[in-house]
Amino acid sequence: MHPLLTRLITDLNWPHLTDLGSVEAHLATPGIHCLFIPGDPVRNLETADAAVILPELQIAFQRSFDCALVGDAIEAKLREAHGVLKTPSFLFFSEGRMVGAVARIRDWDDYMARIPYILGLASV
């Protein structure tokens, strides 16, 4: 595992969801959840960038959502199930339903526009 991904688990204490049961259990807890689907960090150089950006986004949005790292064994199933095929991707859920996603690396302003919209959908 890439060191920046490991940091999310060890230093930031994000859950590492390695099977669909753990994803389901995580999404069943109260709150807005962001699942980070990193993709292959060897083939996709954006993965490391996303591992740095997402914690900063969580802080920028005053921790209004929690984050979890999706394991590589199940990421393809999750991407296909939710129609988000590009990686890295951030999938946002509220009350067990996906309310939005941001795929690939974006400009900071794009995150600042998209995420409030997604968080607004979570409260509907």
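Contact between residues or elements is taken to mean heavy atoms within 4.5 Å. Helices (H or I, at least four residues) and strands (E, at least two) are DSSP runs, numbered from the N terminus. Axes are lines fitted to C-alpha atoms, for helices over the stretch in contact, and angles between N-to-C directions run from 0 to 180 degrees. The structure is a predicted model, in which local features need pLDDT of at least 70 and side-chain atom pairs count only at pLDDT 80 or more, while totals for chains, interfaces and linings use all residues. Residues are numbered from 1 along each chain as its sequence is written, and side-chain values use heavy atoms, with hydrogens and water left out.

Five strands form an open sheet in the order S1-S3-S2-S4-S5, and the pairing is mixed. Two strands are counted as paired if DSSP finds at least two bridges between them. Strand S1 (16–17) and strand S5 (97–103) are the edge strands, each pairing on one side only. Strands of a sheet pair through backbone hydrogen bonds, either parallel or antiparallel. Helix H5 (residues 108–122) lies across S2, S4 and S5 and runs at about 175° to S5.

Strand S2 (residues 32–37) pairs with S3 and S4. With strand S3 (residues 66–70), S2 pairs in the parallel sense over four bridges, and His33 stands opposite Asp66 in S3. S2 is joined to strand S4 (residues 89–94) by six bridges, and the two run antiparallel. Across this pairing, Phe92 in S4 is the bridge partner of Cys34, and Leu35 stands opposite Leu91 in S4. S2, H3 and S3 together make a right-handed β-α-β unit; the crossover is called right-handed if, with the strands pointing away from the viewer, the path from the first strand over the helix to the second runs clockwise.

For accessibility, buried means under 20% relative accessible area, exposed over 50%, and partly exposed in between (1.4 Å probe, protein chains only). S2 is mostly covered, six of its six residues being buried. In a regular strand the side chains alternate between the two faces of the sheet. Both faces of S2 are covered, with Ile32, Cys34 and Phe36 buried on one side and His33, Leu35 and Ile37 buried on the other.

Strand S4 is also joined to S5 by six bridges, and S4 and S5 run antiparallel. Met98 in S5 is the bridge partner of Phe93. The hairpin of S4 and S5 has two residues between the strands, and in this hairpin Glu95 takes a positive phi near 55°. Glu95 has its place in the loop between S4 and S5 and counts as exposed because its relative accessibility is 74%. A positive phi of about 55° is also found at Arg63, which is not a glycine. Arg63 belongs to the loop between H3 and S3, and at 56% relative accessibility it counts as exposed. In the loop between H4 and S4 lies Pro88; a cis peptide bond joins Thr87 and Pro88, with omega about -5°.

Two packed helices are described by the angle between their axes and the distance between the axes. The axes of helix H1 (residues 3–10) and helix H3 (residues 46–60) come within 8 Å and cross at roughly 30°. H1 and H3 are therefore roughly parallel to each other, since angles under 35 degrees count as roughly parallel, over 145 as roughly antiparallel, 65 to 115 as roughly perpendicular and the rest as oblique. In the contact of H1 with H3, seven residues are nonpolar, one is polar and one is charged. The classes are nonpolar (Ala, Val, Leu, Ile, Met, Phe, Trp, Tyr, Cys and Pro), charged (Asp, Glu, Lys and Arg) and polar (the others, Gly among them). On the H1 side, Leu4, Leu5, Arg7 and Leu8 meet Thr47, Ala48, Ala51, Val52 and Pro55 of H3.

Two histidines in helices were also examined. His26 lies in helix H2 (residues 20–27) and counts as buried, at 11% relative accessibility. Apart from neighbours within four places in sequence, His26 contacts Pro15, Leu17, His33, Leu35, Asp66 and Ala68. His82 lies in helix H4 (residues 72–82) and counts as partly exposed, at 28% relative accessibility. Residues up to four places away in sequence not counted, His82 touches Leu91, Phe93 and Met98. His82 and Ala51 are 31 residues apart in sequence and, C-alpha to C-alpha, 21 Å apart in space.
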